[in-house]
Amino acid sequence: MRERVDLLLELADDELLLGWRNSEWTGIAPFLEEDVAFSSIAQNEIGHARALYELAARELGTDPDTLAFDRSPDEYRSAPLVELRRLEWARTIARHWLYETADAIRLETLRASDDPELAGIAAKMDREEVYHRIHAEMWVDRLLGSGEGRPRLGEALDELWPYALGVLDDDLRPELARRVEGKLGRALPAVETIGRGRHGADLTDLLDEMTSVRRTAPAGARW
Amino acid sequence: MTARVFEVFRRERAGAPMQHAGSVAAPDQRFAEIYAREQYGRRGESDALWLVPRDAVDEIDDFVDEFDLKYRRVDGYSLKERLREARELAGPAPRAETGDA
């Protein structure tokens, strides 16, 4: 069984990197209202990451910023799903929905944890994630109901499916398949999971950009 | 996207009146609810929102006041002129009585 701090870092890294990726839509989302909503979701994810890093930092005797920004790429415990650069709307929605669906399952198990701190933060996160799920599902419904959207979303879901499985531990993956297939009304391809522990070039690029201010700031700068 | 416009009203706290906050454009009511929440509620500035499709709003914008009934208008009318006329009619103000009574 993995350490509690590793679990916290998995969650925190997922939320931080997905928040960062989603924020890449700020200013260029399909329309203004969506721009505001999607940016706000991205901010929420980053807020969750901060709370999780705070818990992890306390155990590790460090601070949240150090965990978020100063590790080397191979130290990040994020799932490859959240690292992918996907500046195309159908793929963004596919990832958003797959992630939120997987995250809901993960949070359900954490809320039932015997660790009160973990259960507490999971419950707190879930109260915001509810709205992310509503947002993701309404988009999926919308795209499924459109002649152009349906095939584009379907293709993106098939492509991202191995990555989506990688967000969860083995034992929770069948539940993810059940929920996703239930919504789509079709079976998903049998694939090999692309799970944690490997990172692609997308992560290095993301970290380069994300940490650029911190790396160039004079020592001792405070924010 | 074919968007519908929804007017958003917000209430700062329970008991306060609902006030027009602005509007959101959204493909349907479900999207509008999420967008209104994000635009008018995420900073904790609202205790409740009302969402009204703009096409459900019955607008009235023709008002007649042909006979210039100023006293009915919200901005009222100036008393200054009336007071001056009244003072002229009444002549100089009487001296304040000094009390031997």
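Colleague: Let's start with A12(A): leaving aside neighbours within four places in sequence, which residues is it in contact with?

Modeller: A12(A) is in contact with A49(A), L52(A), Y53(A) and A56(A). Two residues are in contact here if their C-beta atoms, placed from the backbone, lie within 7 Å. This is a predicted model, where local features need pLDDT of at least 70 and side-chain atom pairs count only at pLDDT 80 or more, while totals for chains, interfaces and linings use all residues. Residues are numbered from 1 along each chain as its sequence is written, and chains are lettered from A and ligands numbered from 1 in the order in which they are written.

Colleague: Thanks! Which residues touch the most other members of the largest nonpolar core?

Modeller: A12(A) is one of them, along with L81(A), A94(A), L98(A), L160(A) and A164(A), in a core of 47 residues. A nonpolar core is a set of buried Ala, Val, Leu, Ile, Met, Phe, Trp, Tyr and Cys residues joined through C-beta atoms within 7 Å. Buried means that 20 or more other C-beta atoms lie within 10 Å of a residue's own, exposed means 12 or fewer, and partly exposed is in between. A second, separate core has 12 residues, including F38(A), A32(B), I34(B) and A36(B).

Colleague: How many residues does each chain bring to the contact?

Modeller: Chain A brings 10 residues and chain B brings 13 residues. On the chain A side, helix 2 (32–60) and helix 6 (116–144) are the elements that give two or more residues. Helix 6 of chain A gives the most, with 5 residues. Helices (H or I, at least four residues) and strands (E, at least two) are DSSP runs, numbered from the N terminus.

Colleague: And how many helices and strands in chain A?

Modeller: Chain A has 10 helices and 0 strands. Its radius of gyration is 17 Å, close to the 17 Å that the globule rule gives for 223 residues, so chain A is as compact as a globular protein of that length. That radius is taken over C-alpha atoms, and the rule is 2.2 Å times the number of residues to the power 0.38. Buried residues are 35% of the 223 residues in chain A.

Colleague: Where does helix 7 of chain A bend?

Modeller: Helix 7 bends by about 40 degrees at E159(A), and a proline, P162(A), follows within four residues. The bend is the angle between axes fitted to the seven residues ending at a residue and the seven starting there. Among the buried residues of helix 7 of chain A are L153(A), L160(A), W161(A) and A164(A). The buried residues of this helix pack against helix 4 (80–83), helix 5 (89–111), helix 6 and helix 8 (173–184) of chain A.

Colleague: Switching to chain B, in what order do its elements run from the N terminus?

Modeller: They run β-β-α-β-α, giving 2 helices and 3 strands. A compact globule of 101 residues would have a radius of gyration near 13 Å, but chain B has 27 Å. The C-alpha trace of chain B spans about 85 × 40 × 15 Å along its principal axes. Buried residues make up 14% of chain B's 101 residues.
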